[in-house]
Amino acid sequence: MSLAHGIRTLGVLGSGQMGLGIAYVAALRAKTPVLLYDRSTEQVDKGLKLMDKLLAKDVSKGKIQDVEAKEARERITVVSQEQGMKGLRDVDMVVEAVSENLSLKQKIFSSLSAECRPDAILASNTSSISITKIAASTILEGQSAASESGKQSAARVVGLHFFNPVPVMKLVELISALQTSEDTLNRAKAFAVACGKEVTVSKDVPGFVSNALLMPFINEAIMWLEKGVATKEDIDKTLKLGMNHPMGPLQLADFIGLDTCLAIQQTLYQGTGDSKYRPSVLLERMVDAQWYGRKNGKGFYEYPDA
Ligand code: 3HC
């Protein structure tokens with residue numbers, strides 16, 4: 001079947017809360033076959049269970065028909081560990097959604113560049129890392145960034161920043177690297193729209209528009225807790241009820257993941273050199289303690305069901 005957005009098969013790298021959400025909206029809303037790859041089979045199993053739960057919930061709420069859920073689930077294929085990244089060789093687009101680590105992403109994009117078709121879009125769901133740096137890692141050994149093949153390789157890289165929970169949040173932030181082509185931007189945008197999202201565009205600055213504004217706010221709330229200005233409950237309640245935010249900043253930090261919040265804050269601090277972005281010591285210590293928030297059961301609050 002030919003789909004209007006032109007993505008006949010999507011590769012999704014990473015089956016954590018973001019990768020799984022992206023696979024879900026692609027399969028259900030954009031009706032696109034998805035090849036899902038994660039180097040942890042345990043994480044894939046966990047992700048697929050969540051996918052089944054989300055689809056069953058949508059059916060029980062009458063949002064979708066049973067047959068739509070079944071079709072969406074059938075569009076998801078897991079890439080085996082043996083195939084690895086080679087399993088993504090024929091896709092039209094890949095969205096990478098692994099953890100916020102530059103060297104890991106550089107390694108992945110270098111492999112994708114070697115394995116995928118030259119016209120495949122290579123998108124990163126990074127929350128803050130430079131898309132320009134990621135794009136540069138697609139230039140293979142022996143290739144020059146100034147050569148036609150080097151330019152073409154990097155021109156297909158784009159930032160496609162989804163928000164958590166992906167099935168609910170209406171936005172995708174599109175980030176253009178210095179090297180990104182207009183064609184890549186347009187195709188990536190059309191795909192995000194087919195997934196049911198509105199799109200904004202940001203330049204490739206640390207944290208882009210979204211996290212350059214959100215993370216200092218969260219970090220400041222953690223500093224206020226550290227200073228003992230108010231209890232965690234009162235900080236959250238103030239923002240929730242006083243400003244109509246859906247969650248208080250500490251609840252939101254737990255929801256995003258404290259390790260992710262710290263990684264973004266560090267990128268902002270290192271990328272700008274501005275002391276206003278210095279991560280709070282309490283956030284650093286909580287990540288040292290492996291208190292990552294909702295995803296592993298303990299952050300500012302406790303989550304016994306994690
Ligand atoms: N996955 C899928 N759907 C979910 C979900 C999840 N994890 N959590 C909640 N939902 C759905 C519910 O099923 C429900 O759907 P319905 O309207 O069809 O019944 C709807 O969301 C509302 O859920 P609830 O009634 O259970 O709870 P709330 O009304 O409190 O909403 C929330 C939950 C949508 C998470 C809301 O609290 C919220 O919007 N919080 C802020 C989230 C936010 O700011 N996200 C962005 C984080 S920043 C980011 O992702 C960028 C990254 O780079 C760091």
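Visitor: Into which domains is the protein chain divided?

Guide: Domain bounds here come from an automatic or database domain assignment. The protein chain has domain 1 (10-203) and domain 2 (211-295). This is a predicted model, in which local features need pLDDT of at least 70, side-chain atom pairs count only at pLDDT 80 or more, and totals for chains, interfaces and linings use all residues. Residues are numbered from 1 along each chain as its sequence is written.

Visitor: How many residues of domain 1 are in contact with domain 2?

Guide: Two residues are in contact if their C-beta atoms, placed from the backbone, lie within 7 Å. Six residues of domain 1 contact nine residues of domain 2. On the domain 1 side, one is nonpolar, four are polar and one is charged. In this scheme Ala, Val, Leu, Ile, Met, Phe, Trp, Tyr, Cys and Pro count as nonpolar, Asp, Glu, Lys and Arg as charged, and the others, Gly among them, as polar. The domain centres, taken over C-alpha atoms, are 27 Å apart.

Visitor: At what angle do the axes of α8 and α12 cross?

Guide: Two packed helices are described by the angle between their axes and the distance between the axes. Helices (H or I, at least four residues) and strands (E, at least two) are DSSP runs, numbered from the N terminus. Axes are lines fitted to C-alpha atoms, for helices over the stretch in contact, and angles run from 0 to 180 degrees between N-to-C directions. The axes of α8 (residues 208-226) and α12 (residues 281-288) cross at roughly 90 degrees and come within 8 Å. The two helices are therefore roughly perpendicular, a class that covers 65 to 115 degrees. Asn-219, Ile-222, Leu-225 and Glu-226 of α8 meet Val-281, Leu-282 and Leu-283 of α12. This contact has five nonpolar residues, one polar and one charged.

Visitor: Which residues are closest to the ligand?

Guide: A residue counts as near a molecule if its C-beta atom, placed from the backbone, lies within 6 Å of it. The ligand is surrounded by 16 residues, the closest being Ser-127, Phe-163, Asn-164, Pro-165 and Pro-246. The shell divides into 11 nonpolar, four polar and one charged residue. Each of domain 1 and domain 2 gives at least three residues to the shell, and α8 and α10 (249-256) each supply at least two.

Visitor: Where is the cis peptide bond, and which residue has a positive phi?

Guide: Most residues other than glycine have a negative phi, and most peptide bonds are trans. Here a cis bond joins Asn-164 and Pro-165, with omega about 0 degrees. Pro-165 sits in the loop between β6 (157-162) and β7 (171-176). Phe-208, not a glycine, has a positive phi of about 55 degrees and lies in α8.

Definitions and conventions:
Angles under 35 degrees count as roughly parallel, over 145 as roughly antiparallel, 65 to 115 as roughly perpendicular and the rest as oblique.
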